[in-house]
Amino acid sequence: MTAEQIIFLLTGALVLGSAIMVVTVRNLLHAALWLVASLFGVAVLYAILQANFLAVVQVVVYIGAIAILFIFAVMLTRRELMEKGRQTRPNWWIPALLGLLLLTGLVLLILNIPGINRTAAALPVGLDTVQALGTALVSPDAYVLPFEVASVLMLAALVGAVYVATVDKK
Amino acid sequence: MSIPLSWYLILAAALFCLGLYGVFSRKNAIAILLGIELMLNAVNINLVAFWRYLNPTQMAGQAFAVIVFAVAAAEVAVGLALIISVYRRRKTVVADEIDLMRW
Amino acid sequence: MTFWNNPINFISTWLTGVLTGWRLPAALSTILLYVVGITVLIIFAMTLDIGLVWIERKVVARFQDRLGPNRIGPFGLIQPVADIIKMVIKEDITPDGADKIIYNIAPVLAATSVIVLWAILPLASTIYGVDLNVGLLYIVAAGALGTLAIIMAGWSSNNKYALLGAFRMVSNMISYEIPMVIILLVPTILANTMSVRGITQAQTGMWFAILSPLALLIFLISAIAELGRSPFDLNEAESEIVAGFHIEYTGMKFGWFYAGELLHAFTFGGFMAILFFGGYGGFFGLEKLAFFSWLNIPFVQALVFIAKAMFGYWVIMWIKYSVPRIRIDHMLAFNWKFLVPLSLVVLVNTAVLNKVLIFLPSWLYVLGMFGSNLVIGFVTVEILRAYGRKQRKAEQKPGPQTQTQEQAL
């Protein structure tokens with residue numbers, strides 16, 4: 001059990017434990033905060049995988065923006081009666097069964113792939129992942145087209161969200 | 001790196017199944033969106049793990065993950081705007097009660 | 001590698017030798033060394049924080065034409081210790097309807113979001129925590145943690161004023177992150193790297209404050225907005241919402257918020273020094289002369305860095321104690337309608353000119369960059385003046401009522 005494996009197991013426990021709390025907790029604000037803990041664990045996983053840019057962007061985008069959006073939305077749509085009843089549907093055991101079946105299927109599938117227990121080779125010495133990612137995202141024979149399409153998508157989402165959420169002044 | 005690739009994939013599969021459970025079993029529309037966020041993160045872990053373990057010099061995995069970040073952010077923004085707008089008219093965010101197209 | 005050249009590596013190799021001599025396994029001794037290093041860094045940051053309390057109170061007193069604390073100790077130097085003792089022995093109240101766990105975690109998270117910034121702050125060329133190659137984005141990420149702490153504090157206090165203050169503060173901080181991220185790209189372009197040490201080392205030629213003074217100005221404004229200090233202090237506007245999001249906090253929990261805010265201000269002064277004023281490196285280019293080669297010793301570099309950070313902190317305090325508060329809608333309009341377009345223009349200008357002027361001799365490069373910033377500043381001021389003139393004329397024009405009355409007659 002190397003130190004790296006111990007850190008991975010602890011982080012995995014954080015991610016999965018927080019995810020279980022997200023989907024079971026009754027108070028919706030607590031669920032949003034458990035989501036923050038889970039996303040932070042995912043950022044630590046990215047850092048272990050040596051994708052530093054993605055780790056930092058995960059904290060900035062998910063925790064700094066999306067989680068705060070969730071918290072604002074929870075605060076703006078509260079009604080006292082809604083939180084007294086049960087928060088899960090009556091037949092919650094069907095999704096639980098479905099989830100367990102899916103998990104078993106996926107784990108069996110994963111373990112049957114030959115060579116899936118490989119460990120990672122070291123990164124080549126001169127590789128600066130941030131610089132390589134930057135070049136890949138704007139290089140014409142790499143991924144500039146998805147990059148531009150993503151920016152158009154975000155513009156559309158920005159305009160759409162502002163329009164939908166604007167209060168109609170009748 | 002001494003962590004086998006299968007560990008990352010199993011973690012991502014478990015997170016995905018938890019998100020799936022969250023989507024199907026919760027009544028509140030915002031809680032359903034929380035489940036969707038968990039599923040998107042599971043997919044991202046998969047992408048980045050494959051990038052690192054199979055071919056770290058080719059940036060396809062990380063670029064894909066960056067696009068997934070952008071799509072998730074856009075989707076959450078529009079989804080929450082819709083939920084807030086529906087709440088203003090119908091005074092409810094329970095997904096079962098939003099079942100009529102008009103009035 | 002002597003102690004004077006490379007203090008941290010020297011001490012860590014010595015300690016590793018000692019621990020291995022005591023038959024400790026190598027992995028455990030590495031982890032132990034990390035823990036010791038982190039503890040020493042936190043102790044240093046918090047001790048500096050205590051000194052900052054004294055500096056803040058003396059400086060605000062002088063700005064307000066009074067003396068400040070001078071009873072306890074010579075020049076009031078022991079005043080911060082008295083403050084801390086007072087905060088520790090105060091009663092620790094949790095309001096009745098508050099969400100206990102979130103209420104108690106929020107101040108810790110707020111202070112943590114500041115201390116994690118000290119991991120990437122280089123005090124000297126060999127005294128630093130870690131050299132991340134995404135250092136600048138890490139600053140924004142730590143700011144995001146601080147935002148979360150504020151909304152947790154505001155919500156869990158179960159108090160209208162706290163919630164209102166938290167909402168205003170969070171919308172403020174999120175909005176001003178955008179010009180900050182755009183402006184943080186300017187040193188990245190000029191230095192070709194996002195790592196904080198790399199940016200400091202790229203300024204041995206010319207400080208970035210001279211290459212891009214507009215970027216310095218916009219960074220200062222968005223840093224003050226991120227900190228929540230005046231003139232952007234809607235969260236703790238004492239005359240409006242009594243104390244904003246930390247209204248229900250007493251004793252040491254409030255102490256964490258207060259100390260965290262001061263340390264945050266000093267840390268941003270430090271980042272201003274690193275990104276725009278050469279960090280630990282240049283002292284007006286003197287260290288290149290052989291006579292001043294002692295300026296390259298890490299401890300002297302650390303003193304130079306702290307002096308520059310103090311200058312940045314003093315500018316932030318100066319603005320705080322001289323300028324009145326801005327209304328929330330004016331603040332947001334200022335961000336979205338003025339700062340974001342201006343920072344985009346500065347970024348595009350820096351990027352284009354960096355590529356075009358790179359072939360010219362260096363003094364022409366510096367002149368070109370500085371001159372382009374002056375041109376942008378001049379054009380911006382002219383646009384603002386024209387806009388102001390138009391608004392003043394629209395207010396002085398007689399309204400439509402008088403015209404219809406004249407037509408009715």
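Reader: What percentage of the 409 residues of chain C count as buried?
Author: A residue is buried if 20 or more other C-beta atoms lie within 10 Å of its own, exposed if 12 or fewer, and partly exposed in between, with C-beta atoms placed from the backbone. This is a predicted model, where local features need pLDDT of at least 70, side-chain atom pairs count only at pLDDT 80 or more, and totals for chains, interfaces and linings use all residues. Residues are numbered from 1 along each chain as its sequence is written, while chains are lettered from A and ligands numbered from 1 in the order written. Of the 409 residues in chain C, the buried share is 38%.

Reader: How many helices and strands does chain C have?
Author: Helices (H or I, at least four residues) and strands (E, at least two) are DSSP runs, numbered from the N terminus. For chain C the count is 15 helices and 0 strands.

Reader: How far apart are the C-alpha centres of domain 1 and domain 2 of chain C?
Author: Domain bounds come from an automatic or database domain assignment. In chain C they give domain 1 (1-89) and domain 2 (94-348). The distance between their C-alpha centres is 20 Å.

Reader: Which helix gives the most to the side of domain 1 of chain C that touches domain 2 of chain C?
Author: Two residues are in contact if their C-beta atoms, placed from the backbone, lie within 7 Å. Domain 1 of chain C puts in 20 residues and domain 2 of chain C 19 residues. On the domain 1 side, α1 (7-21), α2 (26-63) and α3 (79-88) of chain C give two or more residues. The top giver, with 11 residues, is α2(C).

Reader: Which helix of chain B gives the most to the side that touches chain A?
Author: The contact takes 60 residues from chain B and 71 residues from chain A. On the chain B side, α1 (5-25), α2 (29-54) and α3 (60-90) each supply at least two residues. With 20 residues, the most comes from α3(B).

Reader: Are α2(A) and α2(B) roughly parallel or roughly antiparallel?
Author: Axes are lines fitted to C-alpha atoms, for helices over the stretch in contact, and angles run from 0 to 180 degrees between N-to-C directions. Helix α2 (residues 28-48) of chain A packs with α2(B) at about 5°, their axes 11 Å apart. Angles under 35 degrees count as roughly parallel, over 145 as roughly antiparallel, 65 to 115 as roughly perpendicular and the rest as oblique. So α2(A) and α2(B) are roughly parallel.
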